[in-house]
Structures are given as C-alpha cells and as structure tokens.
Amino acid sequence: MATLGLTDIIGPIMVGPSSSHTAGALRIAFMARRLCLAEPRSVEFRLLGSFAHTLTGHGTDKALVAGMLGLATDDLRIRDSFELAEQAGLSFRFTTLPDADDYEHPNTIDILMQDAAGNKMSVRGESVGGGAAVIRRIDGIDVYVTGESTSIVVRQRDVAGVLAHIAQSLSERGVNIATTRMYRERRGDTAYTVLETDQDVDVAAKAAIESNPAIYDVRIIPGDAGSAAPCAGASDEGCDAQQSAEALDHALQRFANLDFASGADLLAWCETNGASLSEAFLAREAALAASLGQADASKCYLDLALSVMKRAATQPVRETLPSMGGLLGGEARKLTDLRARGEALCDDQLSAAMTYAMAVLETNASMGRIVAAPTAGSAGVLPGVLLALQDSRGFADEDLARGIATAAAIGYLITRNATVSGAEGGCQAEIGSAAAMAAAAAVELAGGTPAQCLNAAGNALTNMMGLVCDPVAGLVEVPCQKRNASGAATALVSAQIALAGIGNLVDFDQTVAVMDKVGRSLPFELRESALGGIAAAPAACAWCAQCGA
C-alpha cells in the first residue's frame with residue numbers, strides 16, 4: 001500500500017469493460033508472458049472463482065490473450081486479440097473451474113504455458129481490483145510479484161551466496177534494490193528470489209546475475225506491467241535517480257509524513273497546512289515520486305485522464321456504440337433527446353451528470369477506452385459529475401483536474417482501508433466508492449472545506465451501503481449503466497448536504513470500515529458472480545439462455 005498512488009485509483013486507462021476482469025486479467029497474462037524464457041507458443045487459462053462465471057461477458061478471454069501477446073491495457077487491439085494470436089502462432093484455450101476451491105482470492109487464474117524452446121511453466125495470478133494484479137505462484141511455489149515496480153524473478157538452487165551475488169551484480173550497475181523476497185518449498189531445492197528495483201534492469205545486469213552456476217535463469221517484468229505507456233512531460237525536479245543517500249533519506253521522510261493512513265490523518269494535515277484535499281494528495285504524489293527516484297508525472301497524468309474521460313463521456317452522445325453483449329447502445333443519445341424536447345424531469349445539471357455517466361458505460365461496454373475511477377464498472381460516476389459541473393458552472397479543465405485529484409484522495413483511503421473490488425465488496429465497493437470520490441470532488445470545486453469533502457464522501461458511502469454486484473450474464477452492462485447514473489446523482493445529493501454544513505454522526509473512516517465489513521459479508525452470489533440479484537431474475541435468465549451466456 002505504500003506505493004499506492006494516483007494512477008492506481010484514477011486508472012488504469014484501459015479498454016473496457018471491467019478493471020478487475022479485463023485490465024487485471026490482462027496484467028496477469030502480461031506478467032506471465034514476461035516469465036517465459038522464449039516466445040510463448042501455447043497457453044491454457046484455467047479460471048477460478050468469479051472468473052469461472054464471467055469469462056466472455058467481461059472480455060476476460062480477449063484480455064488474457066492480449067496480455068500473452070504483450071499488449072497494454074489501453075490498446076484498442078484487445079478487441080481483436082484472438083485474430084492477432086493466430087497471426088502470431090499462439091494457440092490458447094480456456095478451462096472454467098467453477099467448483100474448484102483451491103484458491104484464496106475470488107479473481108484467480110492459473111496459466112499453463114509452453115514457449116518456443118519447449119519450456120513449460122505454470123503461473124497463478126490474482127486480479128485484486130482496480131486493474132491491479134499479483135502473481136502468487138510459479139511452478140507450485142508461492143511468490144508475490146505485483147509488476148508495479150521493475151521486478152526480477154530469479155530461479156535458482158537454494159545454496160549460500162546466491163542472494164549476495166544478485167545484490168552485487170545489480171549494485172555494480174547502479175540498480176537500487178527496493179525489496180527482496182526468497183521463496184522455496186524445501187531447503188537446498190529450487191527456489192525463487194523476487195526483487196523489486198527502482199531502476200530498469202538491462203541485458204548486462206541480467207547476464208551478470210546469470211553468471212552464477214547456482215542460478216538457472218532470470219526473468220524481468222517491467223514496472224506497471226501491462227499498463228499504458230507513462231505520461232510524457234513529467235517534472236524532474238528533485239527526482240534524480242542517482243540522488244545522494246542524504247537526499248534519499250530526506251525524500252523518504254517527507255513521504256512518510258504525507259502517507260496518510262486514514263481520513264483523520266489527511267484532514268489533520270490539511271488543517272495544519274491550510275491545504276485542500278487535492279493539494280494534500282498531490283503533495284503526497286510528489287513525495288512518493290521523489291522517494292522512488294522518479295519524476296512527478298501527476299499533473300500530466302491528470303490532464304491525460306481528463307482527456308480520456310471527456311471522449312468516453314461525449315462520443316456516445318453523438319453516435320450509438322453497440323455493446324459486446326448487446327444490452328446497451330443509444331441510452332445517452334435518448335437522454336440527450338429528452339432534454340432537447342424540454343421533457344426532462346431533472347434540472348440541467350443532474351440531467352447532464354446522468355447522461356455523461358451512462359455514456360461512459362456505453363464506451364466501456366463497447367470495449368472503448370475509459371479511465372477506471374476507481375473501477376471500470378464505476379467509470380461513469382466521476383466524469384459524469386465533473387463534466388456536468390463544468391457545463392453548469394463554467395469550471396475550467398484545470399479545475400476538473402483538481403477535482404480528479406480530490407477524488408483520488410478519497411479513493412486512495414478506501415482502497416487502502418477497504419476494497420473497491422465488486423468481487424470482494426459488492427457494487428457498494430465500486431459505485432459507492434465512485435460516488436464518494438465524486439461527492440468530495442464536487443464539494444472542493446464548490447469551495448467547501450476538507451472536512452466537508454470527507455463528510456460528502458461518507459454520505460455517499462452510507463447511501464450506497466449494501467449495494468450488491470449482480471451483472472446480468474456477467475456483462476458490465478445491466479444494471480451497471482443505470483447504477484452509474486444513480487451514483488452520479490447520489491454524489492451531487494451527498495455534496496449538497498455536506499456543503500449545507502450538515503455533519504455526520506459516523507465519521508468517514510468508520511463508514512469505510514463498515515462498508516468493508518458489509519461487503520465481505522455478502523454471499524458469493526452477490527459479489528460479481530452473475531449468480532444472484534438482478535442477474536438471477538427470470539427475465540435475465542431467459543435473456544442469458546437466448547444469447548447462450
């Protein structure tokens with residue numbers, strides 16, 4: 001959690017429809033590809049837990065193949081990954097195991113691969129929400145690889161001196177080791193050492209590590225594996241990768257003072273420094289970048305995210321985008337026409353918010369490019385609210401970027417202390433979190449205080465408490481699209497209550513804890529499995545039978 005930041009909460013920028021079941025699945029496969037010693041030639045994907053129930057509906061199948069081909073999460077060619085795999089000579093198949101119980105996380109995939117040199121390998125990955133993923137097992141040995149930083153996976157014989165050799169090989173080439181873990185089943189047998197580094201690792205460093213006869217092979221997984229290319233134009237101020245030990249210690253201390261563990265911590269810092277939530281979170285981002293010896297790309301990334309949000313929220317207003325599953329297409333246009341005829345029941349601001357929110361889900365469901373905020377299934381709420389406020393109040397794009405940073409602060413706290421994954425916490429963890437983020441953003445843009453921002457976020461979480469995740473046929477379409485519109489409305493209502501100076505009996509941190517407890521107590525059928533709730537209604541089941549889902 002220490003390196004959880006802006007791009008984890010407002011992101012990934014990705015092709016829809018699901019952050020956990022599309023982007024997260026792609027990242028698992030991408031990391032698995034990088035663990036191959038040669039070009040992968042055949043692969044079997046074994047899907048467990050919720051993945052076993054929602055394979056095609058979330059585009060998980062296309063995403064897994066795309067990851068094995070090395071595509072990024074925002075690459076529109078994900079839609080055509082099956083054809084690209086055929087061209088590349090990669091064979092693949094899917095095995096769904098809905099009755100298996102040998103796993104811990106509900107979003108688990110086992111990948112069995114054979115490369116061009118005949119090497120075989122098995123990898124277990126988990127999609128942990130918001131597009132993030134971890135590799136938890138390699139060839140039956142438990143490991144932990146996130147791909148967030150550059151990761152080095154060393155397969156070795158478990159003998160003395162190997163770790164020292166690895167460290168020396170990297171140090172001699174200016175590579176700083178951030179973390180090191182060694183995994184083994186038996187003493188003296190095959191083991192894996194997994195290292196995360198602050199710099200990229202080149203061919204020479206890899207060869208130096210492999211020069212030890214006790215080391216079988218070395219695999220390199222690049223940082224932010226499978227994500228879109230980083231934003232260009234970042235500020236390098238204070239981010240020299242070769243900074244002195246004294247400067248690094250100073251950067252680490254500064255980050256420690258800004259690594260808010262709770263809403264109370266965040267609020268206290270804001271009050272002490274006379275800062276807004278967005279200023280506090282961006283200060284944390286800058287400190288985090290400096291502590292990692294990296295450039296601060298937050299401003300550039302906010303501009304990029306806003307640009308993608310705008311396109312995703314406006315294109316369906318101009319043209320109908322048919323969805324993968326066939327349940328969506330044209331809803332945003334219909335809402336726009338209703339307003340044009342003067343027949344809308346809601347005022348212009350609320351009407352715009354729901355239209356934009358539903359439009360983003362049309363883009364998402366058609367495998368268009370969106371920004372998970374905090375997930376793909378809830379990607380419409382924040383842009384819906386922000387763009388509606390821009391229409392009605394004339395906010396500039398730089399104001400909206402500030403609002404996104406405010407939203408990120410709330411999403412960060414929820415992710416750190418609970419979950420934003422529908423498979424773990426139900427739709428309350430997705431739409432509820434998105435509504436909380438948008439409510440806080442609206443309050444800051446309207447001139448509210450940091451305390452009012454947290455109150456608004458708490459209001460939204462409370463009003464969405466207990467909401468189940470029940471996508472019909474496993475598609476991020478019904479009831480997801482309309483819930484995004486409702487989430488946008490809830491955000492505006494929650495913000496207005498807070499701006500009026502109405503406080504909360506239960507504070508933000510306690511509300512997050514309660515939301516987490518409620519979500520984890522929901523039965524499996526009501527957590528993104530497509531087996532309960534609206535997904536189990538007769539009409540939904542009848543539609544599934546007709547479409548073969």
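**Close-ups of a predicted model**

View A. Strands β9 (residues 177-184) and β10 (residues 190-197) run antiparallel to each other, paired over 7 bridges. Strands here are DSSP E runs of at least two residues, helices are H or I runs of at least four, and both are numbered from the N terminus; two strands count as paired if DSSP finds at least two bridges between them. Across the pair, Thr179 faces Glu196 in β10. The hairpin has 5 residues between its strands, and Gly188 in the turn has a positive phi of about 85°.

This is a predicted model, so local features need pLDDT of at least 70 and side-chain atom pairs 80 or more, while totals for chains, interfaces and linings use all residues. Residues are numbered from 1 along each chain as its sequence is written, and side-chain values use heavy atoms, leaving out hydrogens and water.

**View B. An open sheet of 6 strands.** The order is β3-β2-β4-β5-β6-β7, with mixed pairing. β3 (91-96) and β7 (141-145) sit at the edges with a single partner strand each, so one side of each lacks a neighbour in the sheet. On average, neighbouring strands are turned by 25° against each other, direction ignored; axes are lines fitted to C-alpha atoms (for helices, over the stretch in contact), with angles from 0 to 180 degrees between N-to-C directions.

**View C. Inside that sheet.** β4 (residues 107-115) and β5 (residues 120-129) pair in the antiparallel sense over 7 bridges, and Ile109 stands opposite Gly125 in β5. Helix α3 (residues 60-68) lies across β2 (40-49), β3 and β4, at about 140° to β2.

Key. Contact means heavy atoms within 4.5 Å.
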